[in-house]
Amino acid sequence: YRALRAACIRNSAADAHHQLFLWAKARFPEISATSQLGYQHRALAVELENLETHLFSGTETTTWRGDNLLSSIDALRSKKSYRALDQSLMGKLNPI
């Protein structure tokens, strides 16, 4: 996550894309592509599309800023943490 965060802060689109892939595979081993992260969080889907459009559109007329992507990733991290916490409590609350 630290490398991904640093790439977003530096507004380095190529580095952010690469680090996002590495982070996603480590954090969510069940997914096969970073685009699947957008299924869980709509704002992240938009930011992934912006990032990939910037990288692969063939025109470099716009600059890419990583702050929105980083905010979306942080929101997804929080959402995942809460879901994991809820699941871990289920065994304690319902021992069946």
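User: Which helix holds Ser72?
Analyst: Ser72 is found in helix α4. Helices here are DSSP runs of H or I with at least four residues, strands are E runs of at least two, and both are numbered from the N terminus. The model is predicted, local features need pLDDT of at least 70, side-chain atom pairs count only at pLDDT 80 or more, and totals for chains, interfaces and linings use all residues. Residues are numbered from 1 along each chain as its sequence is written, and side-chain values use heavy atoms, with hydrogens and water left out.

User: Why is Ser72 called buried?
Analyst: Its relative accessible area is 6%. Buried means under 20%, exposed over 50%, and partly exposed in between, with a 1.4 Å probe and protein chains only. Ser72 is under the 20% limit, so the label buried applies.

User: What does Ser72 touch?
Analyst: Leaving out residues up to four places away in sequence, Ser72 touches His41, Ala43, Leu44 and Glu47. A contact means heavy atoms within 4.5 Å. Leu44 and Glu47 are among the buried residues of α3.

User: How do you know that the length of helix α3 agrees with its residue count?
Analyst: The expected span is 1.5 Å times one less than the number of residues. For the 15 residues of α3 (residues 42–56) that gives 21 Å, and the end C-alpha atoms are 21 Å apart, so the two agree. Just after α3, Gly58 takes a positive phi of about 90 degrees.

User: Why does Ile73 count as buried, and which residues does Ile73 touch?
Analyst: Ile73, also in helix α4, has 0% relative accessibility, and therefore counts as buried. Beyond four places in sequence, Ile73 touches Tyr1, Leu4, Leu20, Trp23 and Leu44. Tyr1 and Ile73 are 72 residues apart along the chain, yet their C-alpha atoms are separated by 9.4 Å.

User: What makes Arg77 a charge over the ring of Tyr1?
Analyst: The charged end of Arg77 sits 3.7 Å from the ring centre. The criterion asks for NZ of Lys or CZ of Arg within 6 Å of the ring centre and within 35 degrees of the ring normal. The distance is inside the 6 Å limit, and the charge is listed as sitting over the ring.

User: Why is the pair of Trp23 and Phe28 called edge-to-face?
Analyst: A search of the whole structure finds one aromatic pair. Trp23 and Phe28 form this pair, with 5.8 Å centre to centre and 80 degrees between the planes. Rings of Phe, Tyr and Trp (its six-membered ring) pair if their centres lie within 6.5 Å; planes under 30 degrees apart count as stacked, over 60 as edge-to-face and the rest as tilted. The angle of 80 degrees is over 60, so the pair is edge-to-face. Trp23 is buried, at 7% relative accessible area, and Phe28 is buried, at 1%.

User: Why does Ala16 count as buried?
Analyst: Ala16, in helix α2 (residues 13–27), has 0% relative accessibility and so counts as buried. Ala16 touches Leu4, Ala7, Cys8, Trp64 and Leu69, not counting residues up to four places away.
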